[in-house]
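Trainee: Could we go through this model together, one question at a time?
Mentor: Gladly, let's have it on screen.

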Amino acid sequence: MRKTIFAALLPAALSLALLAAPAAQAQGVDSLTGRVWVEANPANRMPGTMLVFFTDGTLLMNSCWETYALRKWKRTAPNAVSWDEDGATVSATVTKLTATDLTLKVKAGPDVVEHLYSRPKVPFVCPDMKR
């Protein structure tokens, strides 16, 4: 009896899941939020620069060498985000976003700087820093 009920309900459940997927993407639920992103090759050669975009509009910025900061962020276009950094608005274009990679072109004043991020393997421990 249970197998019969399960077999009857499975196609309906799959159909609902497929219908819900585009709606979730349209609402901005994607692989950007709720994940830790660690910068792959930071220009300053300091390891462990990381970002976490939360769905409530909080951005956690952290690194192995600097105290963390909590900032407000928002999606300004399907491929763009911005955040407040001590009263200045920082804008970034998302040029690549997959489950494992994030590329941001960050506008800093007149300059645009590309930052490559990836998902860290867990566990991740910051390396010892020379003092």
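Trainee: Which strands each supply at least two residues of the lining of the largest pocket?
Mentor: Happy to start there, with the ground rules: this is a predicted model, where local features need pLDDT of at least 70, side-chain atom pairs count only at pLDDT 80 or more, and totals for chains, interfaces and linings use all residues. Residues are numbered from 1 along each chain as its sequence is written, and side-chain values use heavy atoms, with hydrogens and water left out. Strands are DSSP runs of E, at least two residues, numbered from the N terminus. Those that each give at least two lining residues are β2, β3 (58-62), β4, β5, β7 (101-108) and β8.

Trainee: Which strand gives the most to that lining, and with how many residues?
Mentor: A pocket is an open set of points on a 1 Å grid over the protein atoms alone, where a 1.4 Å probe fits, with protein on both sides within 12 Å along at least five of seven lines; lining residues have an atom within 4 Å of a point. The top contributor to the lining of the largest pocket is β7, with four residues.

Trainee: Which residues are the closest to the centre of the largest pocket?
Mentor: The largest pocket holds about 530 Å³ of space, a volume being the space filled by probe spheres set on grid points joined across faces, edges and corners. Of its 25 lining residues, the closest to the centre are T49, M61, E66, E85 and Y117.

Trainee: Which residues do ring pairs link into a cluster?
Mentor: Rings of Phe, Tyr and Trp (its six-membered ring) pair if their centres lie within 6.5 Å; planes under 30 degrees apart count as stacked, over 60 as edge-to-face and the rest as tilted. By this rule there are two aromatic pairs. The rings of F53 and W73 have centres 5.0 Å apart and planes at 75°, so they are edge-to-face, and the rings of F53 and W83, with centres 6.5 Å apart and planes at 65°, are therefore edge-to-face as well. The linked cluster is F53, W73 and W83.

Trainee: Are F53 and W83 buried or exposed?
Mentor: Buried means under 20% relative accessible area, exposed over 50%, and partly exposed in between (1.4 Å probe, protein chains only). For F53 and W83, the answer is buried.

Trainee: Which residue stands opposite V36 in β2?
Mentor: Two strands pair if DSSP finds at least two bridges between them. Strand β1 (residues 36-39) and strand β2 (residues 50-53) pair in the antiparallel sense over three bridges. Opposite V36 stands V52.
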